[in-house]
Every structure is written in structure tokens, then in C-alpha cells.
Amino acid sequence: MLDFQTTVRSRQSIRSYLPKTISDTDLQEILIDAQSAPSACNTQPWEVHIVSGDTLKRISQAMLSAFEKGEFNADVPFDQNLFGGKYEQRWREQYKFVFDSFGVIREDKEGRSRLTLKNFEFYGAPHACFLFMPKVADSVAVANDIGMYAQNFLLSLTARGFGGIPMLTLGMFAKQVKEILGVPDDMQLLYGISFGYPDWDAQPNKEHLGRIPVSESVTIHR
Ligand SMILES: Cc1cc2nc3c(=O)[nH]c(=O)nc-3n(C[C@H](O)[C@H](O)[C@H](O)COP(=O)(O)O)c2cc1C
């Protein structure tokens, strides 16, 4: 098991996986780690579905077909175009980073579409974790608690030699995902996490996007 500093500083989004599944024993440990997340008043509002095998394939097919028809129906929509200024600069850099890591140039429209479709194929991961939340007031605090759960989940994967990626794209077709998983409509799909054994020989996993210096985000008052 990796130590804390190595775990937290080496975690990265994994966009290529080996066709090998994680054992039930390891999965149970990861879920116990994730379950230790803090939450407002200890409400633990995460409702989690771990999906593999044929069910994962069915969800992938449903998402690809809904994408083709343009049937977007996210419970919690996200639009990076609403982020201007320094945030826009960062998401644009991130897009370029991902395109470059897959060898896709900006002008290659078909290559960019293929890359988008990889999201709905879980980047080849054998497992996905879908994070649902109850609708409570404006849901911001609930979503925050689920973010804490998700980070524990991701760090546990990294510490144990696995890898994952949080994915808002997996929330774009909430209706289809809920139908397949039998999740009632009063639950909201926040996002998903694809996970498994990273393919470290794959180019997208060989680089890691950096961060701005701490001093640009943090003001220390004494
Ligand atoms: C809530 C959330 C949703 C994300 N959705 C996607 C996604 O749909 N597709 C994708 O390729 N990456 C997605 N990412 C990964 C981010 O692009 C990535 O975390 C960021 O660029 C920083 O890189 P790192 O995770 O490797 O440190 C998402 C990350 C978060 C936290």
C-alpha cells in the first residue's frame, strides 16, 4: 500500500485500462475506505452502484445510442463554457492536454468525436461506480458530501495500485442509467467513476496535468 503523500500526489485520472477485473476482496476494502468519508451531520447521502460485466456493456450501449440521438438528460448539468477568465484558461489547457495525450489534433473533428465516445465506453475500464444522491433543497451540500466520498474512493484505488477517473460525462444520460440499474427517479445521478487496473504503457496515462502554485489559490492570514 502506498503511503499517504505518495498516494495523494500521484493520483491521476486514468484514461486507459487493462482488461482485468478487480477482485471482490479488494473492492470491499476500497468501499470501506470510501465509506469513511465525512458528511454534513453524518448523513452519508451517497447511494452507490458498482457496475461491471454485461450491465456495464448495456449502460455503455445505452449512452452511445442516446449520445447519437442527442438525448442529453443530466440530473446535474455542467457546462464548462460558463467558466470564464482564469478558469476558462485552465479548462482549455486541460482539453488540449487530453487531445495531445491521445494524439488528436484540434482540427481533427473525427478524432475528437472518437475521443468523446471513449467517455461512454468508460475509457475501457472494466468497472464503474455511479454516484446517486437524494434531492434535498438545492443539493449543493449533498453533492459536496458525495465529492468527499469520491475522493476517498479514488485515493483508495491509487494507494492499492489501481486507478480511476471521475466522469461527469457518465451523468449525461441519467434516465437511461437509472432505468438499467433500477434506481428510482427521485434520486439524482451526480457523476460516475470508471476504474480498474491502469494500462501504464498507454500514452494518456504517461503524463499528468500539473496544478497552479498553492500561492495562487490560498491566502494565509496571521
Ligand atoms: C467531477 C469531475 C468530473 C470529471 N469528468 C470527466 C469526464 O467526463 N471525462 C474526462 O475525461 N475527465 C473528467 N474528469 C477528470 C478531470 O479532467 C481531471 O480530474 C483534471 O483534468 C485533473 O487531472 P488529474 O485528475 O489527472 O489530476 C472529471 C473530474 C472531476 C473531478
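Predicted model: local features only at pLDDT ≥ 70, side-chain atom pairs only at ≥ 80, totals over all residues.
Residues are numbered from 1 along each chain as its sequence is written, and side-chain values use heavy atoms, with hydrogens and water left out.

**Stop 1: the ligand**

Helices (H or I, at least four residues) and strands (E, at least two) are DSSP runs, numbered from the N terminus.

Now look at some atom pairs. Pick T169: a polar atom of its side chain lies 2.7 Å from an oxygen atom of the ligand. With R11, an N or O atom in the side chain is 3.0 Å from a ligand oxygen. At P166, a polar backbone atom is 3.1 Å from a nitrogen atom of the ligand. Taken alone, the ligand exposes 620 Å², and the protein buries 74% of that (areas come from the Shrake-Rupley method with a 1.4 Å probe; for residues, only the protein chains shown count as cover).

**Stop 2: helix α6**

Next, select residues 140–159, which form helix α6. These 20 residues reach 29 Å from the first C-alpha to the last, close to the 28 Å expected at 1.5 Å a residue (the expected span is 1.5 Å times one less than the number of residues). Buried residues here include V142, D145, Y149 and F153; buried means under 20% relative accessible area, exposed over 50%, and partly exposed in between, using a 1.4 Å probe and protein chains only. What covers the buried residues of α6 includes α1, α2, β1, β2, β3 and β4.

Step just past the helix to G161, which takes a positive phi of about 90 degrees. Then select R160, in the loop between α6 and β3. Is R160 buried or partly exposed? It counts as partly exposed because its relative accessibility is 23%. The side chains of R160 and S156 are joined by a polar contact of 3.1 Å (a pair of N or O atoms within 3.5 Å; within protein, one must be able to donate a hydrogen and the other to accept it, and residues adjacent in sequence count only if both atoms are side-chain atoms). Leaving out residues up to four places away in sequence, R160 touches M1, E29, I30 and D33, where contact means heavy atoms within 4.5 Å.

**Stop 3: W91**

Move to W91, in helix α4, residues 85–101. W91 counts as buried because its relative accessibility is 13%. Which residues does W91 touch, not counting those up to four places away in sequence? They are Q80, N81 and F83. A polar atom of the W91 side chain lies 3.2 Å from the backbone oxygen of F83.

**Stop 4: S39**

Finish at S39, in the loop between α2 and β1. S39 counts as buried, at 14% relative accessibility. A polar atom of its side chain lies 2.9 Å from the backbone nitrogen of Q44.
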